[in-house]
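Please read each point beside the coordinates.

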Amino acid sequence: MGTERQSGRRNCFWFALHLALLFIGKRASAEIRYSAAEEVKEGTVVGNVAKDLGLDIVSLSGRRFRVVSESKNELFDVNQDNGALYVRQKIDREELCQGSGTCLMELKIIVENPLEIHYVVVEITDVNDHSPNFPEKHQTFEIAEHTLPGRRFQLHTARDPDAGINSIRTYTLTSNEHFEIDIRQSDEDKIPFLVLKKLLDREQQDKHSLLVTAVDGGKPPRSGTLNVSVIVLDINDNRPTFSQEIYTVEIQENAPVGTSILRMNATDPDEGTNSEVEYSLGKTLKKNVYDIFELDKLTGEIRVKGAVDYEENDVHKLDIEASDKATPPLAGECRLIIKIKDINDNPPEIEITSLSNTVSEDSKPGTMISLIRVRDKDSGVNGKIISSITSDVPFELKPSYKENTYSIVTKGFLDREQVSHYEITIKATDCGEPPLSTLKTLSIQISDVNDNSPQFSQNSLQFYLLENNVAGASIFSVSATDKDLNDNAAISYHIVREGSQNDIMSFLNVNSENGHITALKSFDFETLKTFQFKVVATDSGDPSLSTNVTVNVFILDQNDNAPVILYPLSSNGSAEGVEEIPRNVNAGHLVTKVRAYDADIGYNGWLLFSLQELTDHSLFALDRYTGQIRTLRSFTETDEAEHKLVILVKDNGNVSLSATATVIVKLVEPKEAFAASDVKSAAKVDEDDNVTFYLMITLGSVSVLFLISIIVLIAMQCSKSTDYTSKYLQETNYDGTLCHSIQYRSGDKRYMLVGPRMSIGSTIVPGSHANTLVLPDRRRASEEVRH
């Protein structure tokens, strides 16, 4: 109700205003023209009414402007401060003014104080904001293929709401050889027509897809598209045709009734009934042709209807017609020539005239092993024979000067070790239709010749032998194989007794038949650690062939040496020494050091010391690794003046060996100790000289053994392949007992026979004799000896 009251009040206001304008004299009136483009932004100034009316800023004071539109819209308004006419909301020219003419907006500008009315006309200019649009996106025409060129087909007309130059200017068509576009001007509309400019041929192209484009005159221009499909309708303008004018086939005489000879095939590129074909035999053929052959009118298949006799007639000529079902029908013709062939009813025969069942494997290519002859009772082509070897064998047929006679010869080298027996299949085939064949198989044995030498599994062999082996017993064996047969594969073995180690070879013997190697003496690891020799394998062929292999033998240590006491010096089979120390020494005083040596290595040479007998356990202590005897506390007046210590020295073998030493410790007063020191010094010098002598002998022996090992290693390294290398290294890992350790490599493992102290990263090899360790191999790039 409030809105209706306001509307009523507004109407009353305008009615009163018009009455006032009619009865009150007007000071001035004028018509002002402006222009504005459609879709300008809100607030765009169209013109300045105050300026065009000659009003300045002073005269604008207190005056008010009102805009009255005939269409009662509020698209424009006047700025009350400067009198500028501006756009209040977006303008859509196509909505305001239908059609392509001039679009004018008539406004009344009412100025108050004093009251004036002025007329303003605003022309809304067009912008190209619409694209041409067809009423449908697709249009289809059906045109017969015999339609003459020049025929016109009206296309849908596009519409563009824009006016003037922005309206539709032209139509275009995609490039093609059959159609073009024509435009007819009707008042302000342009009507497009599709014009046929070339005859259509449905058999070449049954459908044409075109694209019509409507383009306006804007900058940039806008366009719309119409998809046009032209379906070409068929007429009966093609006759059925065969793929060739004359067909020739051959059939055997006495072919069974119903045998299919040939399926004729005629094609008609037309459609529907215009392309449906029926077949028939010509009307002017010999009478007997209709009795022998028949033709299926729908499928075009020609079959045997009666007896076919080659002797009566060897060739039949048939005229065949194919016609379509159009009205009137069109027809095509061809000729079929049927040739009758004689029957091939005799297979070839193969006769072996000579044969060698056994061929030596060293036979040269071209060696003849058999002679054969083939024949066929038929005549003509049916009696022509083709012979061949069908199996994949190194033999071939060679034709002889006489027809149908062949020799079988070798065409390559034979190898009995690869194939010892061949089955040669000979096939003889005549040239009849269908051909008949005969197979004949020959069995050939390949005899052996001595063309393979014995072979060992490896270029060099490695064996590990515990020392103290039983003399005369077999220690290991070698074995070689020969691919030949019988005597050519019978192998005997012997040892090469040459070189620098000939003295060692004299203690080795090999069984010539089975390759078992026996040692005539027991080896001592402490004397010999490794050696090598060569074994030759020889077959019994004529001439014989042989191969040798290098055998590397590594002696493994056993715990067969008991520890030797170096100090105190042994006398009469027992080691006993006397040590005098002052009574006033402190705890930890070094009384003496028991020194021992074990000729074994690794765990077998690792010595441990222990107190077997002791008069007072609170006075002395023995280091189990170094053999040092020290005091545990200071001596008192109540302690005995003499103490006996029996030390047990044993190695770390599986069955340990041991030795004992006795040390007599005497406590003397300090003054007596000083006085006795001069007396003992002389004896001590003699004793030290003896100890030094034994130490020099022991160290000299070890050094000589070490040098021999290094020389043997260098010789083995020069003669061995990189796959099997052995490195011997000496380590001194023990500070209290004379012992040593040796390392060597075999294949991808590194073995170490350690002394009393081991490397932290070492581990025991499973299956060893508790004195062999495997060290992590940190030498991948080189095989240098590390000291």
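1. The structure holds twelve aromatic pairs; rings of Phe, Tyr and Trp (its six-membered ring) pair if their centres lie within 6.5 Å, and planes under 30 degrees apart count as stacked, over 60 as edge-to-face and the rest as tilted. Among them, Phe242 and Tyr247 form an edge-to-face pair, at 6.5 Å centre to centre with 75° between the planes. Phe242 counts as buried at 12% relative accessibility, and Tyr247 is buried at 11%; buried means under 20% relative accessible area, exposed over 50%, and partly exposed in between (1.4 Å probe, protein chains only).

2. This is a predicted model, in which local features need pLDDT of at least 70 and side-chain atom pairs count only at pLDDT 80 or more, whereas totals for chains, interfaces and linings use all residues. Residues are numbered from 1 along each chain as its sequence is written, and side-chain values use heavy atoms, with hydrogens and water left out.

3. The rings of Phe620 and Phe635 have centres 6.1 Å apart and planes at 55°, so this pair is tilted. The pair links distant parts of the chain, 15 residues apart: Phe620 belongs to strand β47 (residues 620-622), and Phe635 to the loop between β48 (628-631) and β49 (642-650). Strands (E, at least two residues) are DSSP runs, numbered from the N terminus. Both Phe620 and Phe635 are buried.

4. One aromatic cluster is formed by Phe463, Phe476, Phe523, Phe531 and Phe533.

5. Two rings carry a charge over the face (NZ of Lys or CZ of Arg within 6 Å of the ring centre and within 35 degrees of the ring normal). The charged end of Arg152 sits over Phe193, 4.4 Å from the ring centre, and Lys529 lies over Phe525 at 4.6 Å from the ring centre.

6. Strand β6 (residues 104-111) is mostly covered, with six of its eight residues buried. Five bridges join β6 to strand β3 (residues 65-69) in antiparallel fashion, and two strands pair if DSSP finds at least two bridges between them. Within this pairing, Val68 has Lys108 as its bridge partner. Eight bridges join β6 to strand β7 (residues 116-125), also antiparallel, and Leu107 is the bridge partner of Val120. β6 and β7 form a hairpin with four residues between them, where Asn113 in the turn has a positive phi of about 60°.

7. Which cysteine is buried, with a relative accessible area of 6%? That residue is Cys334, whereas Cys431 counts as partly exposed at 31%. The structure holds zero disulfides (pairs of cysteine sulfur atoms within 2.5 Å).
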